[in-house]
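This report goes through the sequence and the coordinates shown here, chain by chain and element by element.

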Amino acid sequence: MVLDDERLARLGLVTIEGLWPRRLELLGALDDPIGSWSALLDGRRPAGVAGRLAEAWPDLVRRARAFQDREIEAELRAIGAEVLVPGDDGWPFDDDPEPPLAVVVRGDRDLLNRRPAVALVGTRRPTGLGRAVADELGATLAEAGVVIVSGLALGIDGAAHRGALRVGGGTIAVVGSGVDRPYPARHGELWDTIAEDGLLVSEYGLGVPPARWRFPARNRLIAALAESTVVVESQARGGALSTAAEALERGRSVGAVPGSVRSPASDGTNALLVDGAAPVRGAVDVFDLLGITPSVGRDAAVVALDLLDAEVARGGCTIDALVAAAGGDVAEALVEIGRRIAAGRWRRNGTVIELIP
Amino acid sequence: MLAKVPSAVVTGVSGTPVLVEVHAGRGLPGLTIVGLPDASCREARDRVRAALIQSGFDWKDTRVTVNLSPSEVRKQGAGLDLPIALGYLVATEQVKPADLAGVGAVGELGLDGSIRAVPGLVCLAEATAAEHVIVPLDGAPAAARIAPRIVHGAGDLKSLVAGLCAGGRLPAVVEPVVPRHDARPDLGDLADVRAQPVARFALELAAAGGHHLLLVGPPGAGKTMLARRLVGLLPPLDPATAAVVTRVHSAAGLRLPACGLVTQPPLRAPHHGASQVGLIGGGGATLRPGEVSASHGGVLFLDELGEFPPVVLDALRQPLEEGLIRVARAGHATTLPARFQLVAAMNPCPCGAGRGDAGCRCTSAARGRYARRLSGPLLDRFDLRVEVQPPDPLLMLDGPPEESSDAVRARVDRVRALAAERGVRANAEIADHELERWTPLTDDARRDLESALRSGLLTGRGLRRIRLLARTVQDLRDPVAAPDVPLTAASVMAALGMRMPMSTVVGAA
């Protein structure tokens, strides 16, 4: 990939330290990134720059020049990353009210354009139940061909990604640091897996460290990349609720998994439900939310069975119920059930089939 | 004077020829029976005397000796009443010997002179060493179908002898009735089994492949109803089997169909409280066949499998392996046919709940006892091990209509035809050394089986059985295929799904 001036300018603006969104706006970078960038390189201060930004100006100029000296192309190539800017094929943020200047992607780029996509987000401190629900939703939806978008955070995010990966489905992780800066450390392995089998997306350049303010910002990209956002568990305050708000702002549907009124980890999701979010009890409800009947080139009976993952997740059901709901072809259904058991997703407990938590 | 009337006694399911010799001569008046008669046989003396007098014949003041030859064979039952009576009439010169030449007889006499059926009539008529055999009217059709004899049915002694005296006229010959295959006993239609798709599929597989079937489920799940419907799916008996089944049922004293021949596979459902001899066979001096043999060619249904005495369950192994059962009693032994399809039902655990850890109230010790009772070897014989739940009542009312037995039987017949091309009656009978020939595996199927073996889901025997079951699954889905088309992974996986792991069967103790 050759980095043209525009690509380089946009990448530089989202890479160098000290340029948060408000400052980019003040620099006029959102309307004229090339102009802003060359101003930085030249060191001539635009008219609007004053106050704290003016004080920081010399540092910014120094960092811009240092960036220009980096072998950015080689760095990108080394980790298999690409830069996407507006106008690129597959740029997903054309109609977005708050598009990023550029995004760096790493992994299977086609995922950006695969439809439908659902964001599964939630708290970093989930209950075991919430984690299981996230995992199962991720797996069931992904197996039916839905791309799972999330934020690679601990807790719900990670479980959703893992669910999708387990069944060989597609998953996109929008991260709050450079795609070469795994965070959190405990998700290092998951990070690498997604870079390999899924897609990492960041609106920051390589080497950019995670920072508190970047995570709420990346939430808007999660919402932007998905048709629907489902919050699995969230405390009364939390990043997941901001993702839901971003989704609403973009006119996307929002769903929430109901929880016990005694569970603090469901305070936020229950509040969403009170405010009118769609209750999500399982994959079936998500398909309703998307307004589609899943049939991604697969047998209707088999897909019907996928929907039953939700049923099983809710507390186990008998084989007869599974088969009946899968369209009645017993042999076909048994094959699917057998595969799920063999894959370690379901197990038999007495006469009921249930999820392995 | 001396008279000889051929007759027979029954042992197990075969007859032994007996010659009834009656001698009337001077001496202290009376009748003695010699030649190893048992109590019921010795009682013939009193029945014969009353029957003769009631029928208007003379009871002479002579010394009468009845010898039952060969004398070393133990004689049991009342079947020798009629030949003794006829012999007496000849010996006392009330019937001319020529009128009874070449005629044998079998039957019990009532005190009024009526001739009544006895168990094992078919075998008795068969074994009687005479061209013509007189048998009781009730049971004559069966004897006429099986025995290579000219069979005459007689209703009472008086008219029988009247005919004999009028120029040696025997009662009318009983012609074999052509059995009607469509005359199925009413065992219920599969269309009644609703909202239980797995159970329905299990029945279809069992019928098509002849696989033994274990139904695991709580009381009220309809296990007995399912077993009855399996019999309705089976093809009619082939002529050779029909003859054997008729013999067995006759020997066991079971009611035979009007046409005489048992043409439909039988269903036997003994209670777990039945005696061991009643189940396994060998009762009495005749070594009467038990329920296990009565189900030959059909279905043996054992409800509450876990409640049967272990000694009975152990005794099932030989018939399951060899299709026959050997019974030995003091002095004599015999083999009885016992090739049946075993259908058993049981609760998942002693309390019957079995719905996961939460629903079960059994202590682990109770589960352990239950599990030990049904340990490995027997459960391993069941190719099909499925759980049945009481159907959802709403689905029973509003669910879609289900296929009828006739529709399913059409598929079953096609699979049986494929089995015939493989040289067996049903896929479950494919021998070990033919396994590779008739159940080759695709690479995917082999992989799935290997991983099932590794995960401990399958034993060595289980592996063999699962291939046969997968064969049936695939035959049902693709009945026009060649008999040796390789098994697909889907067939293997579906077969695995129809064979619950042993640990689940016994409640995952």
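The structure is a predicted model. A summary of the two chains is given in the table.

| Chain | Residues | Buried | Helices and strands | Contacts |

**Confidence in chain A**

Chain A has a mean pLDDT of 87, with 91% of its residues at 70 or more. Of the elements in this chain, strand β5(A) (residues 171–175) has the highest mean pLDDT, 97, while helix α13(A) (residues 300–313) has the lowest, 58. Residues 295–301 of chain A stay under 50 throughout, and the model gives this stretch 11 contacts beyond four places in sequence.

**Strand β6 of chain A**

Strand β6(A) (residues 199–202) is covered on both faces. Leu199(A) and Val201(A) lie on one side, Leu200(A) and Ser202(A) on the other, and all are buried. In a regular strand, side chains alternate between the two faces of the sheet.

Two pairings of β6(A) can be described. Strand β2(A) (residues 103–107) pairs with β6(A) in the antiparallel sense, over four bridges. In the other pairing, β5(A) and β6(A) are parallel, again with four bridges. Val201(A) takes part in both: Val105(A) stands opposite Val201(A), and Val201(A) is also the bridge partner of Val174(A).

**The five-stranded sheet of chain B**

In chain B, five strands form an open sheet with parallel pairing, in the order β11-β14-β17-β10-β18. Its edge strands are β11(B) (267–268) and β18(B) (384–387), each of which pairs on one side only. Within the sheet, β10(B) (residues 213–216) and β17(B) (residues 341–346) run parallel and are joined by four bridges. One residue pair in this arrangement is Leu213(B) with its bridge partner Val343(B) in β17(B).

Helix α7(B) packs on the sheet, touching β10, β17 and β18 of chain B, and its direction makes about 165° with that of β18(B). Helix α8(B) (residues 223–233) lies across β10, β11, β14 and β17 of chain B, at about 175° to β14(B).

**Nonpolar cores**

The largest nonpolar core has 174 residues, of which Ala85(B), Ala143(B) and Ala202(B) touch the most other members. Helix α7(B) (residues 197–209) gives the most to this core, with nine residues. Beyond its neighbours within four places in sequence, Ala143(B) is in contact with Leu121(B), Val122(B), Ala125(B), Val135(B) and Val151(B). A further core of 88 residues lies apart from the largest one and includes Val133(A), Val147(A), Ala153(A) and Val208(A).

**Helix α21 of chain B**

Is helix α21(B) enclosed by the rest of the structure or exposed? Of its 18 residues, 13 are buried, so α21(B) is largely enclosed by the rest of the structure. The helix covers residues 460–477, and at 1.5 Å a residue its 18 residues should span 26 Å. The end C-alpha atoms of α21(B) are 26 Å apart, which agrees with that expectation.

Conventions. Residues are numbered from 1 along each chain as its sequence is written. Chains are lettered from A and ligands numbered from 1 in the order in which they are written. This is a predicted model: local features need pLDDT of at least 70, side-chain atom pairs count only at pLDDT 80 or more; totals for chains, interfaces and linings use all residues. The expected span of a helix is 1.5 Å times one less than its number of residues. A residue is buried if 20 or more other C-beta atoms lie within 10 Å of its own, exposed if 12 or fewer, and partly exposed in between; C-beta atoms are placed from the backbone. A nonpolar core is a set of buried Ala, Val, Leu, Ile, Met, Phe, Trp, Tyr and Cys residues joined through C-beta atoms within 7 Å. Two residues are in contact if their C-beta atoms, placed from the backbone, lie within 7 Å. pLDDT is the predictor's confidence in each residue, from 0 to 100. Two strands pair if DSSP finds at least two bridges between them. Axes are lines fitted to C-alpha atoms, for helices over the stretch in contact, and angles run from 0 to 180 degrees between N-to-C directions.
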